[in-house]
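Dear colleague,

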Amino acid sequence: MTHTVLVTGVSRHIGARVASVLAADPAIDRVIGVDTVPPPSLSRDGGVPPGRTEFVRVDLRSPDIAQVIAAADIDTVVHMSLVSAPSRSGGRALMKEHNVIGTMQLLGACQRSATVRRVVIRSTTAVYGSSPHDPAVFAEDSDPGEHPGHGYAKDASEVEGYVRGFARRRADVVVSTLRFANFMGPGIDSPLTRYLTQPVLPTVLGFDPRLQFVHEDDAVEVLRRMATEDHPGTFNVAGDGVLLLSQCARRAGLPTIPLPSPAFRLMGDLMGDLVKGTGLTGYSAEQVRLMRYGRVVDTTRLAAELGWRPKFSTAAAFEDFVRSRGLPSRLLPTAAGR
């Protein structure tokens, strides 16, 4: 039975939702949420109600996280704090420090803890990269066509390497690594959702990538299961089916502009300057590759392990996102796929 859970990254939407769901579980005594800023619901900006979650302000890059784990006798850690895009103020260097150094500090604290017995890591399917040499579908043991060399994907690959080292050193701890496809849903704010809500959608000339999404409700449920049950290993997490980028554009009613790859990146920079206040900061190199080659993963291992299928297909997750943003959804009823 789980007694005390630590959730990192609770100032962001999915982290806050996971902490709230776990706090509502009567089998869990305490849920401690950590981040550098409080969750929106605690800072009077709206957001997910925290329930019984206790918030502690901690920078994962500091050794203070070890004191929190030791003082609260944490037995389960859910690490949700990976950042997928640099902030305008901090830039790429701060993003890498937060993702990689922060995870190293957290795992070091877990390794020294006498009480931690379960660690759940939120990773990403971006670790597989996107290239013309990719397999049609990535399984968990597939090798990338080209290993990610920059950005969020590289950070996540490094994080997974440290997680594997931790799992070897602490064989008594159940370690679950979840490689999520791009989150989609009403509450999601990410580089991809910002891209998909532009008034005009730039695309890379000659390419129509296959995309997969995981609905935020399904992501939260998988994380809840992993935090309360023992499921060691690495698992892909995505909604069933795929969508082509052209299908996403049609279903959201968005006009497209096919552009050569260099012009596509330039358009991203221009849109970031023009559409102030949206958080759009241009397109990263990894996003450009995704918009060329796409990425699809196999989720058979997760389904077999949990005996569970997501409620939302990739198409249904995108439809829910489109409706929540007030876009004129053109998704046919037969494709809803719940």
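Throughout this message, contact means heavy atoms within 4.5 Å. With that in mind, R224 touches V21 and L22, not counting residues up to four places away in sequence.

Some conventions should be stated before I continue. This is a predicted model, in which local features need pLDDT of at least 70 and side-chain atom pairs count only at pLDDT 80 or more, while totals for chains, interfaces and linings use all residues. Residues are numbered from 1 along each chain as its sequence is written, and side-chain values use heavy atoms, with hydrogens and water left out.

The chain as a whole

The chain has 11 helices and 13 strands; these are DSSP runs (helices H or I, at least four residues; strands E, at least two), numbered from the N terminus. Of the 338 residues in the chain, 51% are buried. Buried means under 20% relative accessible area, exposed over 50%, and partly exposed in between (1.4 Å probe, protein chains only). The accessible surface of the chain comes to about 14100 Å², and carbon and sulfur atoms hold 55% of that surface. Accessible areas come from the Shrake-Rupley method with a 1.4 Å probe; for residues, only the protein chains shown count as cover. Among contacts in the chain with a separation of 6 or more, 79% are accounted for by residues 24 or more positions apart.

Helices α3 and α4

The axes of α3 (residues 91-112) and α4 (residues 151-169) come within 10 Å and cross at roughly 10 degrees. Axes here are lines fitted to C-alpha atoms, for helices over the stretch in contact, and angles run from 0 to 180 degrees between N-to-C directions. The two helices, α3 and α4, are therefore roughly parallel to each other. In this scheme, angles under 35 degrees count as roughly parallel, over 145 as roughly antiparallel, 65 to 115 as roughly perpendicular and the rest as oblique.

On the α3 side, the residues that meet α4 include M95, N99, T103 and L107; on the α4 side, those that meet α3 include Y152, D155, V159 and F166. The residues of this contact divide into 10 nonpolar, four polar and six charged. Ala, Val, Leu, Ile, Met, Phe, Trp, Tyr, Cys and Pro count as nonpolar, Asp, Glu, Lys and Arg as charged, and the others, Gly among them, as polar.

The length of each helix agrees with expectation. The expected span of a helix is 1.5 Å times one less than its number of residues. For the 22 residues of α3 the span should be 32 Å, and the end C-alpha atoms are 32 Å apart. For the 19 residues of α4 it should be 27 Å, and the end C-alpha atoms are 28 Å apart, which agrees.

The buried residues of α3 include H98, G102, L106 and A109. Their cover includes β1 (4-8), α2, β4, β5 and α4. In α4, the buried residues include A153, A156, E160 and V163, and what covers the buried residues of α4 includes α3, β5 (118-124), β6 (174-180) and α9 (285-293).

R179 lies in strand β6 and is buried, with a relative accessible area of 8%. Leaving aside neighbours within four places in sequence, R179 is in contact with residues including E140, E160 and T234. R179 and T234 are 55 residues apart in sequence and 7.3 Å apart in space, C-alpha to C-alpha.

D230 lies in the loop between α6 and β11 (233-237). At 41% relative accessibility, D230 counts as partly exposed. Beyond its neighbours within four places in sequence, D230 is in contact with R117, R118, V174 and E305.

R224 itself belongs to helix α6 (residues 216-228) and is partly exposed, with a relative accessible area of 24%.

Nine of the 11 residues of helix α11 (residues 314-324) are buried, so α11 is largely enclosed by the rest of the structure. Its buried residues pack against β7 (182-184), α5 (191-195), β9 (210-211), β10 (213-215), β12 (243-244) and α7 (245-251). G326, with a positive phi near 75 degrees, follows α11.

D73 also has a positive phi, near 50 degrees, in a residue other than glycine. D73 is found in the loop between α2 (64-72) and β4 (76-79).

With kind regards
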